[in-house]
Amino acid sequence: MKTIRYLIVVLLFASGLVSCQDFFETTTPSGENLSAVSDDPGFYEEQMQVIYSNTIFGGDRSYRNRLACGYQGLNTDIEYCNKSDAQESSRYNCATNDSQLSREGRDPWAYLNKAIVQCNNIIGLIDTTTVNPKVKYLWGEALTLRAFAYLEMVKFWGDVPAYFTNDNPYPLKEDRNVIYEKIRTDLTKAAELMGWSEDIAWAPAKKTITRPNKAFALGLLARADMMYAGYALRPDYITQGGGAPYSVQFNVKDADKRKELYQEALNACGQVIAHYGDTKLKSTFDGVFKDICQDKTAFASTEWLWVMPFADGSRGQFMNYNCPKSSDALLALVNNQAGSTNSVQMIVPTFIYDFEAGDARKWVTVAPFTWAADNASGVSSDVANRKAIFAGSFLQDNDAEKILYQKNVDINKVHLGKYRVEWMSRTRNGSDDGVDYPIMRYADVLLMYAEASIGGNSGDVPSVTTYPGAGTPQEAFDKVRARAGLASKPLTIDNIINERAFEFCGEYIRKFDLERWGVLKSKLVTATSRLDLLNRHDGEFAGMTDYIYIKYKNDDSYVMPNYSTAKVSLGKGYVIDTIYGLALGENSEPASYASNPDVWAKKNAFGDTDPRNLVNNYLLYSDESIVDKRHYWPIFQVNVESSNSTLWNDYDY
């Protein structure tokens with residue numbers, strides 16, 4: 001009877017009489033375990049696409065414009081959420097009725113539960129004795145996506161219900177360690193079932209980063225193990241209705257168990273490194289992100305292991321939320337027909353000064369500019385000086401002639417630069433840009449391999465610290481630094497903590513790293529203190545000036561051909577070639593300024609505000625005393641009320 005009912009639903013989907021959205025619209029993980037009905041991979045592919053569609057990953061207030069777009073509690077020691085309606089949730093002060101995150105049926109809790117329900121349905125249908133390699137891949141994919149969804153829920157809420165069949169419509173909230181253990185089992189099995197990307201039997205998933213593969217399953221296993229072995233805000237025990245004491249503590253109290261987890265993480269990463277060697281590490285840092293912006297999805301030519309795919313121009317606002325802030329000047333950019341962006345990710349100003357000299361990641365990560373299309377009078381009021389700064393331009397002292405250029409912004413308005421509209425290869429027509437959400441890349445595997453070998457922040461060193469064929473952990477660490485143009489550093493936890501900041505800023509990793517290291521609050525407090533020092537030019541920032549110096553170079557490749565408005569046709573494009581004054585020690589003028597000042601634009605990096613307000617502008621948390629009480633979102637009231645008393649909040653909200 002269960003099989004007959006399921007087949008009827010599938011036929012209704014096909015006929016258009018009922019939508020996937022209608023069928024799976026539920027605020028509880030209700031469903032059925034259904035009997036296996038087919039060994040046809042096409043059947044399971046249809047069910048898999050429900051997860052990737054607008055029903056779950058692409059749904060409104062899901063990854064389309066919430067979970068990939070700054071709402072997940074972004075603020076760290078290096079990143080800051082500038083989205084007005086996401087600022088309180090990012091400041092560790094999220095309300096149980098947050099209007100952006102708690103809309104019944106269309107909220108992150110509901111969407112992630114729908115993903116788990118659908119994965120359970122697929123896994124429950126598959127005959128586990130199948131020898132069909134295509135069906136095996138899809139089975140592994142369902143296990144991987146379920147593990148991904150569960151790890152996301154643990155990241156956002158801590159302890160959540162654990163249900164791996166759909167028999168019980170109201171499962172109780174469970175200790176997250178139960179979920180971690182199931183994730184370990186499932187991802188180990190998934191890696192075996194799916195195979196390496198180039199060997200996948202199911203053609204739609206072969207050699208592409210838009211579908212999971214063995215490398216991603218192993219990388220996700222390592223990520224889960226590192227979280228499991230680390231610190232977390234958690235109650236001392238699970239009691240229905242809450243009320244148990246809670247604190248930041250180890251998930252696992254047994255040091256031998258933590259060593260086991262670090263060993264598993266090292267081996268998982270080691271398998272990936274031994275298989276792909278240096279072929280998966282992109283040769284240039286900016287190339288990693290240009291691949292995302294240009295929709296390059298061939299597994300062999302990118303660093304990414306898996307990205308969440310969105311449809312071109314119809315779903316997904318990743319670029320809109322994560323690119324540098326720009327106004328309607330974007331209309332002058334090549335291949336762009338949409339105006340201003342909704343950019344949310346800003347760089348904490350102190351972080352700009354932390355990069356080592358020569359680090360190739362700095363001006364990829366940090367975008368100290370906004371695109372402008374005007375006569376550049378804001379750069380210099382003197383026409384002759386403007387012509388010298390923008391060599392070869394035809395600027396005159398009127399508004400009828402303009403250029404497209406990267407105009408500097410104040411130090412408190414610097415945005416993330418890794419994802420840029422100007423790097424796109426197709427036309428951006430609106431906020432639903434369809435750029436894929438990047439989840440994991442090879443550099444993360446290298447750095448997790450290195451960290452696991454020293455036992456993370458707890459120092460629970462595994463018994464075997466090198467995987468055969470993967471090289472040493474020190475070599476893995478050095479490869480990431482070498483790509484950035486930097487020399488080797490000793491493999492210590494402090495160097496790992498710093499290196500992951502420079503490597504992964506803006507990639508929705510840092511907050512969860514700080515949590516598992518047990519240093520979230522201390523890093524936020526230290527960052528706030530450093531902002532005050534920068535604001536006052538004191539301590540480590542003593543002696544610095546307010547000024548930066550910029551040189552431009554002509555680059556017409558970013559100018560939209562034949563772009564015009566009612567007032568102007570653009571002539572030339574200019575990008576920042578050199579910027580001086582945004583590094584420690586750059587406290588005066590650049591060496592060549594005295595002999596040739598005309599080609600430099602000199603600007604006050606701190607704007608005209610007196611006194612400066614950096615600390616208030618970058619309010620990383622609402623109250624220091626509550627940071628270690630609110631690492632997570634609350635389980636929202638709308639979800640608690642519909643849970644039949646199986647959900648509750650353990651923390652103070």
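Figure 1. Tyr437 is buried, with a relative accessible area of 5%; buried means under 20% relative accessible area, exposed over 50% and partly exposed in between, with a 1.4 Å probe and protein chains only. Phe318 also counts as buried, at 1% relative accessibility. This is a predicted model, in which local features need pLDDT of at least 70 and side-chain atom pairs count only at pLDDT 80 or more, while totals for chains, interfaces and linings use all residues. Residues are numbered from 1 along each chain as its sequence is written, and side-chain values use heavy atoms, with hydrogens and water left out.

**Figure 2. Aromatic pairs.** A pair of aromatic rings is described by the distance of the centres and the angle of the planes. The structure holds 42 aromatic pairs. Rings of Phe, Tyr and Trp (its six-membered ring) pair if their centres lie within 6.5 Å; planes under 30 degrees apart count as stacked, over 60 as edge-to-face and the rest as tilted. The ring centres of Phe43 and Tyr44 are 5.2 Å apart and the planes are at 85°, so this pair is edge-to-face. Both Phe43 and Tyr44 are buried. For Phe318 and Tyr437 the centres are 5.6 Å apart and the planes are at 40°, so the pair is tilted. Phe318 lies in helix H11 (residues 318-322) and Tyr437 in strand S12 (residues 437-441), so the pair ties together parts that are 119 residues apart in sequence. Helices (H or I, at least four residues) and strands (E, at least two) are DSSP runs, numbered from the N terminus.

**Figure 3. Lysines over rings.** A charge sits over a ring if NZ of Lys or CZ of Arg is within 6 Å of the ring centre and within 35 degrees of the ring normal. The charged end of Lys280 is placed over the ring of Phe299, 3.6 Å from the ring centre. Lys602 lies over the face of Tyr547, and here the distance to the ring centre is 4.8 Å.

**Figure 4. Ile576 in strand S14.** Strand S14 covers residues 573-580 and includes Ile576. Ile576 is buried, because its relative accessible area is 18%. Not counting residues up to four places away in sequence, Ile576 touches Phe369, Gln406, Ile550, Lys551 and Tyr552; contact means heavy atoms within 4.5 Å. Ile576 and Asn408 are 168 residues apart in sequence, and their C-alpha atoms are 8.8 Å apart in space.

**Figure 5. Thr646 after helix H21.** Thr646 is in the segment after helix H21 (637-641). Thr646 counts as buried, because its relative accessibility is 9%. The side chain of Thr646 reaches the backbone oxygen of Ser643 at 2.6 Å. Apart from neighbours within four places in sequence, Thr646 is in contact with Tyr170, Pro171, Leu172 and Lys173.

**Figure 6. Two loop residues with positive phi.** Most residues other than glycine have a negative phi. Asp295 has a positive phi near 60° and is in the loop between helix H10 (285-293) and strand S6 (304-308). Asp295 is partly exposed, with a relative accessible area of 28%. Asn335, which is not a glycine, has a positive phi of about 60°. Asn335 lies in the loop between H11 and strand S7 (345-347) and is partly exposed, with a relative accessible area of 27%.

Notes
Polar contact = N/O pair within 3.5 Å; in protein donor to acceptor, adjacent residues only side chain to side chain.
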